[in-house]
Amino acid sequence: MDFHLTEEQEAIREEVRRFAENEIAPVASEYDEEEKYPHDIMQKAAKMGLTGAHFPVEYGGVGYSSLENALVTEELFAVDPGIGLCITSAGFGAEAIINFGTEDQKERFLPPIVEGESVMGAAISEPQAGSDVTSVRTQAEKDGDEWVLNGNKMWITNGTVGDYFVVMCQTDPDADDRYSGFSQIVVESDRDGFSADKITGKMGIRASDTAELILDDVRVPEENLIGTEGMGFLQLMQFFDETRTAVAAQGVGIAKGACERALEYAKEREQFGRSISDFQAIQHKLAEMHTATEAARQLTYKSAWSVDNDEGQLTALASMAKEFASDVATDVADEAVQIHGGAGFVNDHDVERLYRDSKITQIYEGTTEIQKTIIARELLGKGF
Ligand SMILES: Cc1cc2nc3c(=O)[nH]c(=O)nc-3n(C[C@H](O)[C@H](O)[C@H](O)COP(=O)(O)OP(=O)(O)OC[C@H]3O[C@@H](n4cnc5c(N)ncnc54)[C@H](O)[C@@H]3O)c2cc1C
């Protein structure tokens with residue numbers, strides 16, 4: 001057992017952090033306040049290979065492992081979760097194509113993400129289908145050699161800036177059981193009948209684009225079906241094992257950023273004629289925040305390692321990592337605000353933004369409650 005990162009992995013961490021400090025930190029609060037998607041920074045991130053870092057090398061990616069991808073995510077989110085999410089989600093949904101796509105799909109959809117020419121998304125949620133994915137109603141019907149899609153997708157990351165989406169849809173409403181009958185189909189945003197409405201007023205990750213998608217008789221070629229017709233639900237579960245590990249890394253990054261800022265402020269701020277870091281109450285907060293962050297990091301790295309090594313316990317580990325790291329992110333960001341006192345309550349200090357941004361990690365990619373249900377089902381051997 002070796003807990004050390006390789007020299008190359010340490011270099012990735014440092015390089016990404018430098019990029020985030022130089023390019024993102026100076027403008028993070030501006031993009032947050034204006035709820036603006038950072039097109040310019042996306043181009044710079046693409047030049048560094050960050051928009052498809054974990055894509056296989058043969059499709060233009062850097063070929064980073066899940067662990068290396070977690071390091072990238074951690075450093076970006078430690079500086080700014082909003083812009084960090086834009087960069088790490090530029091290829092959201094690509095895991096389905098990498099794992100189940102045809103050669104043609106990989107060649108069509110993966111390289112443009114790496115090159116910064118396109119952005120993609122994964123459209124699963126609907127107004128009535130959140131935690132219960134099996135209540136997805138978007139329909140795809142076969143008409144000759146095309147699929148015709150109708151339905152509404154809700155809360156879709158990259159919704160108005162994305163060029164294509166992996167859409168979870170019903171292809172067999174009469175399927176025998178509630179898990180069959182779903183498929184994943186790629187829908188390009190320039191198809192007739194596709195429209196997207198931006199959702200504004202989010203609590204956090206405000207630089208990230210979120211939208212409702214409307215699919216009104218959208219026609220795509222049959223070659224846009226990913227994997228096997230009717231196996232969309234099972235394919236999606238594998239997708240979540242990977243993406244939940246990535247959300248855990250987001251939580252670790254937010255906690256890390258909050259710890260760093262709280263430590264710095266505690267050393268600087270004086271009350272009662274001494275540094276507030278002299279007070280045991282503050283020292284204990286710092287100790288607990290750093291301990292929780294390190295525990296979340298180790299669980300997240302183990303989950304990432306399991307993605308890379310096909311370890312067999314991945315579903316439970318990914319849910320444990322996501323559930324634990326997202327709670328740590330919100331708790332640690334909360335304490336970081338507390339250590340800043342009144343200064344933490346206004347947007348002059350990054351901790352105010354980190355506090356707001358942390359909350360989403362407990363919600364998307366399956367809520368905390370759903371992660372606990374998955375862990376318990378895995379323990380009890382009950383499957384879905
Ligand atoms: C900013 C943002 C970005 C997002 N990006 C995407 C995206 O790119 N693609 C996408 O498809 N979706 C996306 N989502 C949607 C996200 O995945 C859902 O919001 C999430 O899965 C929860 O679904 P819901 O909001 O419908 O809540 P609901 O499912 O209605 O849940 C409401 C509450 O009930 C609880 N609950 C529900 N069922 C159970 C149960 N069986 N046991 C115990 N508690 C339960 C939940 O935990 C929660 O506390 C995004 C959401 C947001 C806010």
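Predicted model: local features only at pLDDT ≥ 70, side-chain atom pairs only at ≥ 80, totals over all residues.
**Ligand site**

I began with the shell around the ligand, which has 20 residues. Ser125, Ser131, Trp155, Thr367 and Glu369 come nearest. By type, I found 11 nonpolar, six polar and three charged residues in this shell.

Next I looked up where the shell comes from. Domain 2 (120-230) and domain 3 (234-380) each give at least three residues. Strand S1 (120-123), strand S3 (146-157) and helix H13 (368-380) supply at least two residues each. S3 has the largest share, with three residues.

I then checked polar atoms facing the ligand. A backbone N or O atom of tryptophan 155 is 2.7 Å from a ligand nitrogen atom. Threonine 157 places a polar side-chain atom 2.8 Å from a nitrogen atom of the ligand. For isoleucine 124, a backbone N or O atom lies 2.8 Å from a ligand oxygen atom. Taken alone, the ligand exposes 970 Å², and the protein buries 64% of that.

**Cavities**

I looked for cavities of 30 Å³ or more and noted two.

Strand S4 (164-170) and helix H9 (232-268) each give at least two lining residues, and S4 gives the largest share, three.

Helices H2 (28-34), H5 (81-88) and H12 (350-358) each contribute two or more residues. This lining divides into three nonpolar, one polar and five charged residues.

Key:
Residues numbered from 1 in each chain as written. Heavy atoms only, no water. Near = heavy atom within 4 Å. Polar contact = N/O pair within 3.5 Å; in protein donor to acceptor, adjacent residues only side chain to side chain. Areas by Shrake-Rupley, 256 points an atom, 1.4 Å probe, with all protein chains shown as cover. Helix = DSSP H or I, 4+ residues; strand = E, 2+ residues; numbered from the N terminus. Nonpolar A, V, L, I, M, F, W, Y, C, P; charged D, E, K, R; others polar. Domains from an automatic or database assignment. 1 Å grid on protein atoms, 1.4 Å probe; cavity = no way out; pocket = protein on both sides within 12 Å on 5 of 7 lines; lining within 4 Å. Points joined across faces, edges and corners; volume = space filled by probe spheres on them.
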